[in-house]
Amino acid sequence: MYIIAVSRILTILFIIKRERSFHAPMYYFLCMLAITNLVLSTSMLPKMLSTFWFNSREIDFSASLTEMYFIHLFSVMESGILMAMGFDRYVAICDPLRHCTVLAYHMVAKIDLAVVLLGGMIILPYLILTRQWPYSETNIIPDTYCAHTAVVKLACADTCISSYYGLFVLFFVKGLNMFFVALSYTQILRAIFSFLTKDAWLKTFGTCSSHLCSILAFFISALFSSLTY
């Protein structure tokens with residue numbers, strides 16, 4: 001599954017780079033999403049495979065913090081990119097004449113840069129807080145990767161501040177992104193119902209269906225995974 005995921009991501013990037021008709025905001029955001037998925041899967045799957053194949057169940061504390069940082073950083077980035085893609089679809093459907101003006105190349109670059117910088121700043125406290133807690137010599141994480149809450153639960157101290165910050169990131173950052181995605185699609189649905197022809201309905205649903213599936217798969221799994229701890 002990992003090899004299939006990586007090969008498909010690289011194929012998407014190659015096709016978008018080669019095909020000039022794909023040099024548009026929607027496909028630039030898709031490139032960012034593909035790169036984010038590539039790094040996110042690479043952050044956790046190699047260690048997961050070594051655990052299953054070679055029974056290598058140990059990980060250095062610094063390596064666990066690095067894995068945790070990259071997993072949560074690119075998870076927050078993916079949330080931001082999905083929100084940006086929702087905004088792109090909103091402008092393309094509800095205000096198509098201004099789409100190229102609103103989402104010009106420099107604006108797409110600024111949005112991508114903002115997603116990266118904000119993600120880095122939001123997840124940095126995870127690293128700082130987790131590193132300062134005292135831990136016993138033997139610690140077992142009941143998971144195949146180093147999630148923030150799983151690591152913090154092993155600390156021999158009161159880690160309420162880490163738990164509260166984790167909930168803040170889940171509900172305020174990812175929740176806010178999901179709210180704006182829902183707002184974009186509410187406006188898109190209103191625009192769809194104002195269309196008179198069936199062809200216009202089908203074309204719009206065809207444009208948005210894959211994005212909606214990605215949003216549901218990401219946010220539902222992220223919410224379930226975070227709240228389980």
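1. Basis. The model is predicted: local features need pLDDT of at least 70, side-chain atom pairs count only at pLDDT 80 or more, and totals for chains, interfaces and linings use all residues. Residues are numbered from 1 along each chain as its sequence is written, and side-chain values use heavy atoms, with hydrogens and water left out.

2. Salt bridges. A salt bridge here is a side-chain nitrogen of Lys or Arg within 4 Å of a carboxyl oxygen of Asp or Glu. The count is two. Side chains of opposite charge can pair when their charged atoms come close.

3. The buried pair. Arginine 89 and aspartate 88 form a salt bridge, at 2.9 Å from N to O. Both arginine 89 and aspartate 88 are buried. Buried means under 20% relative accessible area, exposed over 50%, and partly exposed in between (1.4 Å probe, protein chains only).

4. The partly exposed pair. Aspartate 95 bridges to arginine 98, with the closest N and O atoms 3.5 Å apart. Aspartate 95 counts as partly exposed because its relative accessibility is 28%. Arginine 98 is also partly exposed, at 48%.

5. Largest pocket. Of its 47 lining residues, Leu40, Ser75, Glu78, Phe218 and Ser221 are the closest to the centre. A pocket is an open set of points on a 1 Å grid over the protein atoms alone, where a 1.4 Å probe fits, with protein on both sides within 12 Å along at least five of seven lines; lining residues have an atom within 4 Å of a point.

6. H8 (198–228) is among the helices that supply at least two residues each. H8 gives the most, with eleven. Helices (H or I, at least four residues) are DSSP runs, numbered from the N terminus. By class, the lining has 26 nonpolar, 16 polar and five charged residues. Ala, Val, Leu, Ile, Met, Phe, Trp, Tyr, Cys and Pro count as nonpolar, Asp, Glu, Lys and Arg as charged, and the others, Gly among them, as polar.

7. Second largest pocket. Of the 21 lining residues, Arg57, Ile59, Asn139, Ile140 and Ile141 are the closest to the centre. H2 and H3 are the elements that give two or more residues. H3 gives the most, with three. The lining divides into nine nonpolar, five polar and seven charged residues.
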